[in-house]
Amino acid sequence: MNARVHHNSQLRIGVFTAWFKGDYQFEFVSGVEYEAKRHDIHVLYFAGRVPGSPYPYEEYYNIVYKTALEASLDGLVIMPMLAGCCTNEEFNNFISQYAPVPIVTINSITPYGNAIFADNALGFQTLMQHLIEDHEYHRFAFIGGPDTNPDAVERAHIYASMLKS
């Protein structure tokens, strides 16, 4: 990845995501934009699909991530949905091409940067508790995510443990 030659200009941060729809992405991007404005940072968004997707045609979308290699970024933020359909090894191979630029991942550990983790347990436990205690629901259907997605696995464990208690 091209490193910035002149650091006297505005910092450029890239954000990788697989899509821009839904409350999670809206809140995330709103937070990024708010902080970028406060700190005079230019943000470039790269919206492709997940690496290692089970749908081969989605790889065509991922050409956008290659453009980041020439964007002279000062940092890179990887949103969590990018790690959802690939193994840790595949995810690390994907990210490695962007090193040595500082990288921050959300909910994914990688040797190429730092990670920020959401407290899925508290949120999901609170939701389940609310449905059971306040609404007296006792029959649930649970649709999990991919076995390679740590958030989906964690929520499945919480779901199972909440129903046992």
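Is E35 buried, partly exposed or exposed? E35 counts as partly exposed, because its relative accessibility is 33%, and the cut-offs for that class are 20% and 50%. Note that this is a predicted model.

1. **The salt bridge.** E35 has a charged partner. It forms a salt bridge with R38, and the closest N and O atoms are 3.1 Å apart. The structure holds one salt bridge. Side chains of opposite charge can pair when their charged atoms come close.

2. **Where that pair sits.** Both E35 and R38 belong to helix α1. They are three residues apart, about one turn of the helix. R38 counts as exposed because its relative accessible area is 52%, and the exposed class begins over 50%. E35, at 33%, is partly exposed.

3. **The main core.** Look inside next. The largest nonpolar core has 28 residues. Among its members, F16, I78, L82 and Y98 touch the most others. Several elements each supply at least two residues of this core: strands β1 (11-17), β2 (41-47), β3 (75-78) and β4 (103-106), and helices α1 (23-38) and α3 (88-96).

4. **A second core.** A separate core of five residues also exists. It includes F124, M128, Y159 and M162.

5. **Strand β3.** This strand is covered on both faces. G75 and V77 are buried on one side. L76 and I78 are buried on the other.

6. **Neighbours of β3.** β3 pairs with β1 in the parallel sense, over four bridges. Within this pairing, V77 in β3 is the bridge partner of V15. β3 also runs parallel to β4, and three bridges join the two. There, I78 stands opposite T105 in β4.

7. **I78 up close.** Which residues does I78 touch, leaving aside those up to four places away in sequence? The contacts are F16, F91, I95, I103, V104, T105 and I106. F16 is another of the residues that touch the most other members of the largest core. T105 is the residue opposite I78 in β4.

8. **A tyrosine patch outside.** Now turn to the surface. Y55, Y57, Y60 and Y61 form a nonpolar patch there. Together they have about 530 Å² of accessible area.

9. Y61 is found in the loop between β2 and α2 (63-67). Y61 counts as partly exposed because its relative accessibility is 39%. Patch residues need over 30% relative accessible area.

Conventions:
Residues numbered from 1 in each chain as written. Predicted model: local features only at pLDDT ≥ 70, side-chain atom pairs only at ≥ 80, totals over all residues. Heavy atoms only, no water. Core = buried A, V, L, I, M, F, W, Y, C linked by side-chain atoms within 4.5 Å. Buried < 20%, exposed > 50% of the residue type's maximum accessible area, 1.4 Å probe, protein only. Contact = heavy atoms within 4.5 Å. Patch = residues over 30% accessible without salt bridge, like charges linked within 9 Å, V, L, I, M, F, W, Y side chains within 5 Å. Areas by Shrake-Rupley, 256 points an atom, 1.4 Å probe, with all protein chains shown as cover. Salt bridge = Lys/Arg side-chain N within 4 Å of Asp/Glu carboxyl O. Pairing = 2+ DSSP bridges.
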